[in-house]
Amino acid sequence: MAEFKNLPAYYDPFFCPHTIIECKLGINWVPLDCLIDTGFAGFLLLPKTYQKYFDKISGLERSYIVGNGEVIKLSNYKGEIKILNKKLTVDVIFSRIHQPLVGINYLIDKHLDLNFLYKQINLWN
Amino acid sequence: MNINPILQAEKIYNNIKPQLVKRYRSIDYVVIEPSSGDYYVDNFAWRAGELAKQNHPEAENFIVATVGSFYGRI
């Protein structure tokens, strides 16, 4: 049976689930507090203020439908993160948001239990 | 005539989607080179993009979609 390891996860005061991901910003590894957003079809979505630390993948872009129905084009970047001390190169996009988000592509190989009644959250890798 | 690469890629995507959904997960990425119609699939867009660029070093635009949807959602 596969052994699962706990990843950091918590609810904020508004019951929004969060996790902490170590992300390479320039030469430093920085823990990023990320909202877990199952409505985001991607891996990591960061505020534009972080863009300077990442390399754009020239010519690679995708169209996204945002909350108000508008279609926007966003360029693809790649970035390094660490999950349980294991490095991984992942897809990163940037937008005018205030909070880093992780989406479905981050969650897809993990267990996520959200219990709002008992205010419990568990995330396993 | 300068064809919008996104519209071209969407047309290609709609043609290939029936085959893609049989082989790949809906969240796997498809990178499409619109001029040739070539496409590359990987669970990371950056990796599919690198393969696309290796095969099409002269191309300027590569359009990303997922197997399940041409448009992403935020």
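Where is Lys82(A) found in chain A? Lys82(A) sits in strand 7, residues 71-83; strands here are DSSP runs of E, at least two residues, numbered from the N terminus.

A quick word on the model, everyone. It is predicted, so local features need pLDDT of at least 70, and side-chain atom pairs count only at pLDDT 80 or more, while totals for chains, interfaces and linings use all residues. Residues are numbered from 1 along each chain as its sequence is written, chains are lettered from A in the order in which they are written, and side-chain values use heavy atoms, with hydrogens and water left out.

Back to our lysine. Lys82(A) is buried (under 20% relative accessible area, 1.4 Å probe, protein chains only). Lys82(A) has no salt bridge, which would mean a side-chain nitrogen of Lys or Arg within 4 Å of a carboxyl oxygen of Asp or Glu. The nearest side chain of opposite charge, Glu22(A), is 4.5 Å away. Leaving aside neighbours within four places in sequence, Lys82(A) has contacts (heavy atoms within 4.5 Å) that include Trp29(A) and Glu22(A).

Now please look at chain B. Glu33(B) lies in the loop between strand 1 (29-32) and strand 2 (39-42). Glu33(B) is also buried without a salt bridge, and Lys53(B), the nearest side chain of opposite charge, is 11 Å away. Beyond residues up to four places away in sequence, Glu33(B) touches several others, among them Ile12(B), His56(B) and Phe62(B).

Definitions and conventions. Helix = DSSP H or I, 4+ residues; strand = E, 2+ residues; numbered from the N terminus. Buried < 20%, exposed > 50% of the residue type's maximum accessible area, 1.4 Å probe, protein only. Lys, Arg positive; Asp, Glu negative; His and termini not counted.
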